[in-house]
Amino acid sequence: MKKLLFALPFTCLLSLYTSAQYQNNVSEFADKPADSYANFKNADGSPGVLIWGKAPLTDFGSRTFTMQPKGIRTLTQAPPPGVHPRIYFGPAELEEVRARVKNTRCGQAAWKNILCWTEMMKGRYNDKADYAQPDYQKGTFGGLHGRVPLYRLSIPRTKEAAYNQHPLAAATYKSLIDGTATNFPAYYWNTFSLEAFRCLIDNDAAAATQLASAVMTAMKIDQAKRDSVRAAKHITKPNEQPVGVAQLAFTYDFIYAWLSPEQKKAIHEELANCSWSHDNYGTFNGAESSRGNWATFSYWLHQVLSIEGEPGFNDLKVKGMYRGWRNLFTYGWFESGATYEGEAKNQLGMDGIIPFAKRQQMYGFDNLAAHPHLQAYAQSFLPHSVIPSQNGFIRYDLLGGSRSKVGTPNVCDLLGLKYLFPNDKHIDWVYRLLVKDDYSNVPDRPDGYFNALLFFAVFATDFDADNNNPEALQLSNTFFCGERALMMTRSNWNSKDALMLNMHTRQANGGHPFADRNAIMVAGAGRVWSPVQYNAFENSKQSVLTIDYKKQSEITPGQMLAFKDSLFATFCTGSTKYVWDWNNMEREKPGGKGYYTVEDVLQNKIDYPKNGNWELEPNTTNYFSYLKLPYPYLNVPRSQTPHWVLPKGAVRPFLRQPNYPVQYALRTAGIVRSTNAYALVMDDMAKDSALHHYDWVLTLEHDVQIWKTTKQKDGQLDILLTGNDPDQLEGWGKDSLPALYNGIPANNQAMLLVRVLNYNNQNDTLQPVINEWRATAPKAKDLPVRRLVIGADASKAAYKVMLLPYRYGMALPVTTWNKQRTLLTVKWNDGRSEVIDFSKCTNGNQRFSISQNKQTFYY
């Protein structure tokens, strides 16, 4: 047998080696320590050691579900170890990849972007060439014309050589090839992988050989810099990542056939020595606490897959990353498809799901695209999150928003979903909105946590040009998540002027949350009026009701109390009483002295903060949840919450302290699909019998202003809002707020009627006002928020507000109260009317009914 092994080619030898390794479940790294993502320490604070062989790789927690493989593309499995390319595709698929690049509109757009980068790196860029068209840059950044932001290459520019035929770029690349370079722009690593892919697609052996030499020089330069830093800081542990990170891995993978034996050995050693030691999030921590978006950082995966099965390859790391991905979908996504941490910070990591799916036979993995939570997100949440005007998405929490350039889903995730679900019309429609009809939103950059441009080139897929009617998708008007406490509802799917109203009570805190319990979002008449915020943590910067200018905790849960959905009307009710009653905080052991355990909590061995009357939070996740599920982890007191990143056994207790207790704090919000759809928002709050100040806040896009205010005889108040920029002043700044709108709106201009039907107010000097609110203790990048504020001084708040987006020139409804102010009649100019019965709305009870002709909506 020994003679046979030595006679076999290197790739066959590796195949036998790896096959035996996997079949016997033995790994050369089983007894080696991992560099923990959490800088692990034991409970007592002593240095901790995590061993790869003891990672709970098959622990997927208690939550059960059934994989749904129907509709998923069958993938060619990864080639045997030692065969390249292999990360995204194998040699047998190369012609398919070439065809996608050359023959799809998506691939052609990606290819043009790649050529812009590679030609610029080599000093041959020509902004008049076909690959540079159309010109998206339009002379920015010192005369840049073309499709992509080439200024990121950091090549010095002059008037004579701004970008075209740049001599310094040519000289830099030549010096890398001939080995004389002593420095180079770091961004070249991102471009190396693009050039490697281009060489593979074009079968350009000469250019690949030059690239191999350039990579060797760049690698030696960066290795020397790294070694110098390690020596100065006395670092002895293994390097966490190779130089060039995942870009080196892709370069090695694509030009492997053109590397000399010496080059293969050198690059392999860099990848092997620097990719085995550091675990990714989700490998060692408890399954049911795996909710962090760090799990899908695919650059860790791509590095290790580049040497899959070769000496120095850590198969346990791959299995650990698979566990992290899978548990994230189980516990970081809800059954409805909504997420725990917030859509803007999360990503599916489809550039990892596809490589995992191509290794089902090798590792026994399930295809994670079959996870029902992922599919619910893709097929239900994402289309429901589309703004009716179809130029933006709703994304919650830090980095979220509701404008077209912020808060959009990860376009690579949508490409991956489109590729894996080629016939799914819901995914196809959302994918089309993201890449745009002309594919102008195909990624134009190769940097970041992953190489988005490269991913698009490999899996380039066109949308269905005929799938442009969302009404044909037969989506429900309403999305509701009973675990997260989120309602997104709209009047219809057949008009870009449709009304959309969201209410976010937030029972699940998520990561990077705002104090936005019961906050609403409003869109209609072709635009957003009241957005979801991008970076606004205080409750005063959310569309909520506040009392006495007091703050709420960002992590104390609200409670959804009721929800009802029908064709005629859709409403939900949320309570923020607990949020006013209590402030929550999560407690770590101070000073990095290890972690708390359940035993510490039970024995009350918690180091409480010195300021404030803190105690353990006694309530469970199910206590707050509208949808109560039977899984044991949801019935554990939140004071025993498992730590989000440390191994099983570590807890991160929730504490609570009194905030500003109230008797009740309720909001009911929803829409009525009448002659013209409108929203109703009802707020009731009381603390005691004393006089208090209440602010009813509606956050606004930055161009919105009051056009006219009219007070009616029966106390109703009309506030007519409009704006002067349909793009909501994209890129606004603190000095660019619009002047008040003093003229007459143009016919058909978008308007918003804010009709205050009723509110208690004992201070006639208070008038509705629009202002800019800045946080009292601003966080980094905490932006000012434009707000409509309707203030009131009263012992009890009792707001009833109608919100009606419309086009200027449309007849507004007439609303009249009976003498007891218990029945409201809404009359339209087409003769139709509805009667809203509020007679049961007393002392915070928000029960009502809406009758129109023979139909009645009881709530």
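These legends describe close-up views of one predicted model. Residues are numbered from 1 along each chain as its sequence is written, and side-chain values use heavy atoms, leaving out hydrogens and water. Because the model is predicted, local features need pLDDT of at least 70 and side-chain atom pairs count only at pLDDT 80 or more, while totals for chains, interfaces and linings use all residues.

**View 1. The nonpolar cores.** A nonpolar core is a set of buried Ala, Val, Leu, Ile, Met, Phe, Trp, Tyr and Cys residues joined through side-chain atoms within 4.5 Å; buried means under 20% relative accessible area, with a 1.4 Å probe and protein chains only. In the largest core, which has 165 residues, F192, F197, L417 and F456 touch the most other members. A second, separate core has 45 residues, among them L499, W529, V681 and I719.

**View 2. Surroundings of F197.** Contact means heavy atoms within 4.5 Å. Setting aside neighbours within four places in sequence, the contacts of F197 include F89, W111, F254 and L454.

**View 3. N113 in helix α4.** Helix α4 spans residues 105-121 and contains N113; helices are DSSP runs (H or I, at least four residues), numbered from the N terminus. N113 counts as buried because its relative accessibility is 2%. Not counting residues up to four places away in sequence, N113 touches R147, V148, V442, P443, D444 and L453.

View 4. A disulfide is a pair of cysteine sulfur atoms within 2.5 Å, and the whole structure has zero of them. For C116, the nearest cysteine sulfur is that of C106, 15 Å away. C572 has its closest cysteine sulfur in C481, at 12 Å, which is too far for a bond. C116 is buried at 0% relative accessibility, and C572 is buried at 0% as well.

View 5. On a 1 Å grid over the protein atoms alone, a cavity is a set of points where a 1.4 Å probe fits but cannot get out, and lining residues have an atom within 4 Å of a point. Of its 25 lining residues, R291, Y340, T621, Y633 and L634 are the closest to the centre.

Notes:
Buried < 20%, exposed > 50% of the residue type's maximum accessible area, 1.4 Å probe, protein only. 1 Å grid on protein atoms, 1.4 Å probe; cavity = no way out; pocket = protein on both sides within 12 Å on 5 of 7 lines; lining within 4 Å. Helix = DSSP H or I, 4+ residues; strand = E, 2+ residues; numbered from the N terminus.
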